[in-house]
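Dear colleague,

I am handing over the structure shown below. Please look through it first; my notes on what was found follow.

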Amino acid sequence: ALLTKFQLQPAEEDLGARDVHPEGVPPSHLGAGLELDHSTRASCLTVSVEASEHLITCHAKGSPAGTIQANRPFSSALDGPVAYYEATIRKRGPTGAIGVGLARAGYPSNKMPGWEPVSHAWHGDDGCTFNSCGTGSPLSPPWSEGDVIGCGIDFMRSAVFFTRNGALQGSPLRGVDSGGLLATLGFQTKGESVSVNLGPSFLYDLSAHDLSPPQVPVHRVRYLDGGEEEEVWLNLLARDYTLLSLPSIPPALAPSRVALASLLALNPSRL
């Protein structure tokens with residue numbers, strides 16, 4: 001077999017970059033009325049205000065955690081196509097078990113965000129994201145004191161994304177039901193502390209925000225089949241791939257043709 005061509009193509013339809021400020025709503029008004037709701041505060045947490053930011057401190061071990069939520073859900077009408085907030089890690093405490101994320105109203109105040117439906121969060125002790133279940137997906141090394149952790153909703157893409165020190169992290173959580181999600185923070189051990197910035201100015205540049213899908217490498221492979229030269233397109237770098245084109249062949253030979261393509265995809269060294 002001979003590799004004859006290589007190209008990149010979008011993994012999915014690209015909606016393109018777009019203005020994150022809705023028409024008629026000036027950026028300074030985005031996030032208006034957004035505050036932390038002290039009535040949702042777990043008993044192990046204290047909240048104070050310093051320089052227009054909310055300082056949250058965990059003064060006792062959670063059982064097994066302690067959370068606090070914002071006073072209203074994010075929405076495209078009030079927050080624009082992209083809703084977002086940031087938390088600066090002031091003190092990690094013994095383990096750094098801090099969660100920054102989103103959850104529906106009434107989320108249990110003793111469960112870390114991301115553990116229970118409907119919630120999505122990134123945790124600082126293990127660097128994993130949690131998507132409405134207790135099993136995490138690795139995203140990063142553990143957080144450090146001074147890190148600025150961001151969490152946002154891209155309403156046009158139905159996606160939740162995370163940032164660290166102003167940079168987008170990993171792949172977003174796509175296909176999320178973005179309605180009714182509130183900023184939600186969780187803590188587990190005594191001594192953990194964060195300051196929360198609900199906007200409108202952030203370290204992450206929202207004006208340049210873009211969740212365009214990644215490019216996927218696709219290869220064109222030429223090979224001989226029964227003395228006839230044929231070509232197929234496939235991704236040789238992944239076990240899961242899609243044939244973009246396949247020559248017209250008799251139905252009886254189709255299984256063998258696809259089997260050969262599968263062999264090449266799983267064993268690119270055979271080229």
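Two strands are said to pair if DSSP finds at least two bridges between them. Helices (H or I, at least four residues) and strands (E, at least two) are DSSP runs, and they are numbered from the N terminus. Please note that this is a predicted model, in which local features need pLDDT of at least 70 and side-chain atom pairs count only at pLDDT 80 or more, while totals for chains, interfaces and linings use all residues. Residues are numbered from 1 along each chain as its sequence is written, and side-chain values use heavy atoms, with hydrogens and water left out.

The sheet

Strands of a sheet pair through backbone hydrogen bonds, either parallel or antiparallel. Here, 7 strands make up an open sheet with antiparallel pairing, in the order β2-β5-β14-β7-β8-β9-β10. Because β2 (36–37) and β10 (137–138) stand at the edges with a single partner strand each, one side of each has no neighbour in the sheet. Within the sheet, β7 (residues 98–104) and β14 (residues 181–187) are joined in the antiparallel sense over 7 bridges. Which residue of β14 is the bridge partner of Ile-98? The partner is Phe-187.

Cys-128 belongs to strand β9 (residues 128–131). With 11% relative accessibility, Cys-128 is classed as buried (under 20% relative accessible area; exposed is over 50%, partly exposed in between, with a 1.4 Å probe and protein chains only). Its contacts (heavy atoms within 4.5 Å), not counting residues up to four places away in sequence, include Trp-122, His-123 and Pro-138. Between the C-alpha atoms of Cys-128 and Gly-99, 29 residues apart along the chain, the separation is 9.7 Å.

Ser-140 is found in the loop between β10 and β11 (148–154) and is buried at 13% relative accessibility. Its side chain makes a polar contact with the side chain of Trp-122 at 3.5 Å. A polar contact is a pair of N or O atoms within 3.5 Å; within protein, one must be able to donate a hydrogen and the other to accept it, and residues adjacent in sequence count only if both atoms are side-chain atoms. Leaving aside neighbours within four places in sequence, Ser-140 also touches Asp-126, Gly-127 and Arg-164.

Leu-34 lies in the loop between β1 (2–10) and β2, and its 6% relative accessibility makes Leu-34 buried. Leu-34 and Ala-183 are 149 residues apart in sequence, yet 9.5 Å apart in space, C-alpha to C-alpha.

Yours sincerely
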